[in-house]
Amino acid sequence: MQTHMHLNENQRIAAQYKDAHILVLAGAGTGKTLTIMARAAYLIQRGVDPGRILLLTFTRRAAREMIDRLYLSIGKSARDVTAGTFHHFCLLTMRRMSKQFGIQEYTVIDREDQTDLMKLVRANFLKKKVIFPHASELIKIYSYARNTNIGPMKYLKKHTDHDEDTMKKICIVFKEYDKRKEANRYLDYDDILHRFAKKLHDDPAIAEKLRGLYDHILVDEMQDTNPLQWLILDGLKEPSKLFCVGDDAQSIYAFRGADFRNVHSFRRRVPGAVVLRLEDNYRSTQSILDVSNWLLKESPLNYKKNLKAKRESGDKPALIDFETEFDEAKWIADDLIKRHETGASWSDHMILTRTAWNSRTIEAILVEKNIPYVFIGGVGLLQAAHVKDLLCLVRASISHYDELAWIRYLTLWPKIGDITASRAIASMKEAPNATEAIHVMKKQFKTGQKIAEGPKLIQKYINEPAKALKAGARFLDPILSKRYNKWMSRKKDFNLLEQLAERYRSLLQFIETYTMDPISTTEATRSEGKDCVSLITIHSAKGTESSVCYIIRAEPGMYPYIRSLGEEDEEEEERRILYVAMTRAKDELVLTRTGTRYGKTVFHGGAVGSYFLATLPETLVESQSEWEGVFSASENSKNYGVIRPRKRYQ
DNA sequence: GAAGCGTTATACTAT
DNA sequence: ATAACGCTTC
């Protein structure tokens, strides 16, 4: 990282550009974040009210970090800048104008709830057993179609090969899903953007108001915004000025509707926009960039990227082979300990993983060896079954429309399954208010009195989330302790939850925050600023950096990921994922791979399927094999078997 | 008909 | 770890 707010010429020109919409094309490590912050600082110093600056980032973590850094540079006024993700910003704004947006009493639901709701709709729609996409697949299709602003039918025709009849049925199911969602007063992630964008474009009075909120909109990771997000920027951009920063080579969210080409069309979309470039890399050594550059050059797409280091050439990246993921994990843990003993901080190390579950082995070893770490990405604390049980009790207490929460809560009780629960909930829907609804529900069951106690308990503490959770946890304890093995270790999560909740003024706010920004258990436990190793998915690692980076499981079937094989667009996205991973490293890059694929040892001969590192020139890395008795690392890559594309899910 | 239990299959990325 | 499924019990 460059010294604080010390800008090079191009960064300075970008940060201080006047009166224009600006796109900054900034390669990895060229000081993207620094330039955005310098822009904010410059604007504020020139007299712009910080409250009239909107900073849109990709994760809430990124927003927090930027505001913290801005605080160090310009002080208190940094806190007045609105910073967050598109979803966060849109929801916040809609909550402030909840009457105009008609979202009072609405509950935000996550992907899992979306899928569960879709399951109900799907089951209702299908008479008998027919071949029909699963709920998770339906949600994926619908979400993608909405984020790219194309109709579901158009999407289905373009991306699947279902027959006409099935496609029509799928579209009907989507309509049913919408209806059910509305009846439950749910907002899914896509609704948050969609409702906002719709008002912005269809309601001139509200649009006028929204456009007047900010003078400057700064957007990080522009390459990963999708067409729906673009509608939002487009609607807000006059008289506000856009300052967008991105890099096509780091676009890794196509599955969410982003298109890496979208930064190229910026000038067409925004007439008169100025496009600037940052090309000097301050982050990494040249040896790390050499491998990264090589990877992009191998692509059939022309990224026109050749990162040049401002730093020394440094050590060559290492490529190390292991027989099993267990060996790999142990080696990394020992390497970390060695480095720590010679004076390095744990926090100088980042372990990058393609998939969240791939990190399980290494996580176990880190725990075993007492290496402090934080896991970022993947499944959250709030997804654990027992935590969901408690949160659903809370949700049910807040909203009597919340069908999923009620089903979950009611089915915790003996002799109540989903069918009985659904019936009771259907009768509740008629009730005019929450109190009446609970009264109606109570009468359905012999144990009704006891069942109704839970929500009543929670309702007492609507504005004291920690107390509500404590009361809820105590209330559910007898049921949950019977339900789960190892209950004592699960129960600990409730204390953690209570601690988190203390920071919030209402239950609604607490639930909403963590629904939109799920965190892992280690992330919740870690005290701020603690020295620890980061174990992180590459998708979550965007925008971060570390002195030493380990990219684990860099074997065939992983880069490109096995499911993308055969689809050029998808394989190229996988290339960018690996590129993002490599360019996080400042001083040392260690690629490790195993001979295990899906639990089986792979060392049969034959041609290599699509595997990026198969053609990696030996001069670019130091190869090493910890796989005793087997061929050397360089031979190794040639001896991996053919990888065939897995049958695609329809 | 519905609940509940035990067995088996299964894993990408995320707001 | 959990969802899905088949089977048994109420």
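## Salt bridges and DNA contacts

Lys-491 is partly exposed, with a relative accessibility of 32%. The model described here is predicted. The side chain of Lys-491 forms a salt bridge with that of Asp-477, with N and O 3.3 Å apart. Because Lys-491 belongs to helix H23 (residues 487-501) and Asp-477 to helix H22 (residues 465-483), this pair ties together parts that are 14 residues apart in sequence.

The salt bridge count comes to 49. One of these pairs joins Asp-389 to Arg-408, with an N to O distance of 2.7 Å. It links distant parts of the chain, with Asp-389 in helix H17 (residues 385-398) and Arg-408 in helix H18 (residues 403-410), 19 residues apart. Asp-389 is buried at 2% relative accessibility, whereas Arg-408 is partly exposed at 24%.

Another salt bridge is between Lys-305 and Asp-247, whose closest N and O atoms are 2.8 Å apart. Both partners lie in loops: Lys-305 between helix H14 (286-297) and strand S10 (308-309), and Asp-247 between strand S7 (241-246) and helix H13 (266-269), 58 residues apart. Asp-247 is buried, at 2% relative accessible area.

A network of salt bridges links Lys-32, Asp-220, Glu-221, Asp-224 and Lys-542.

Around DNA strand C are Glu-112, Lys-119, Ala-384, Ala-385 and Arg-490. Of the residues of this surface, two are nonpolar, none polar and three charged.

| Residue | Atom facing a phosphate oxygen of DNA strand C | Distance |
|---|---|---|
| Lys-119 | side-chain N or O | 3.1 Å |
| Ala-385 | polar backbone atom | 3.1 Å |
| Arg-490 | side-chain N or O | 3.0 Å |

How values were computed:
Residues numbered from 1 in each chain as written. Chains lettered and ligands numbered in written order. Predicted model: local features only at pLDDT ≥ 70, side-chain atom pairs only at ≥ 80, totals over all residues. Heavy atoms only, no water. Near = heavy atom within 4 Å. Polar contact = N/O pair within 3.5 Å; in protein donor to acceptor, adjacent residues only side chain to side chain. Nonpolar A, V, L, I, M, F, W, Y, C, P; charged D, E, K, R; others polar. Salt bridge = Lys/Arg side-chain N within 4 Å of Asp/Glu carboxyl O. Helix = DSSP H or I, 4+ residues; strand = E, 2+ residues; numbered from the N terminus. Buried < 20%, exposed > 50% of the residue type's maximum accessible area, 1.4 Å probe, protein only.
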